[in-house]
Amino acid sequence: DLFCLTSNAESFPNVLIESMARGVPCISSNVGDSMIIINNDKFIYKKKNLTQFVSLVQNFIKIDNKKKKLIAKNNLFHIKKKFTTSKKNKEYINFIK
């Protein structure tokens, strides 16, 4: 499986977090906070650049299943570390203080 966010405009694409939390690797255009969420420029392409997008998808297809599982595991770790509700609540409380 692979999730592709091909938007030309986003602010904070929650769908990337949702996909990564389910163990689905993601490719995204460089919109909004997609780089912060994905945290790996190998899976980000310049918006509206179809050639770069196709290249990323083709490269992903060539990755062996063992490495794809490792990518999914690393994605889940990153999401749990940075984007859990408790983590965001703490950041919000510290911001208010």
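Modeller: Helices (H or I, at least four residues) and strands (E, at least two) are DSSP runs, numbered from the N terminus. The chain has 5 helices and 3 strands, arranged along the sequence as β-α-β-α-β-α-α-α. This is a predicted model, in which local features need pLDDT of at least 70 and side-chain atom pairs count only at pLDDT 80 or more, while totals for chains, interfaces and linings use all residues. Residues are numbered from 1 along each chain as its sequence is written, and side-chain values use heavy atoms, with hydrogens and water left out.

Colleague: What share of the 97 residues in the chain is buried?

Modeller: Buried means under 20% relative accessible area, exposed over 50%, and partly exposed in between (1.4 Å probe, protein chains only). Buried residues account for 32% of the 97 in the chain.

Colleague: Is Tyr 92 buried or exposed?

Modeller: Tyr 92 lies in helix H5, which spans residues 85-96. Tyr 92 counts as exposed because its relative accessibility is 53%.

Colleague: What share of the contacts between residues at least 6 apart in sequence joins residues at least 24 apart?

Modeller: A contact means heavy atoms within 4.5 Å. Of the contacts in the chain between residues at least 6 apart in sequence, 40% link residues at least 24 apart.

Colleague: What are the dimensions of the box that the C-alpha atoms fill?

Modeller: Taken along the principal axes, the box is roughly 45 × 30 × 15 Å.
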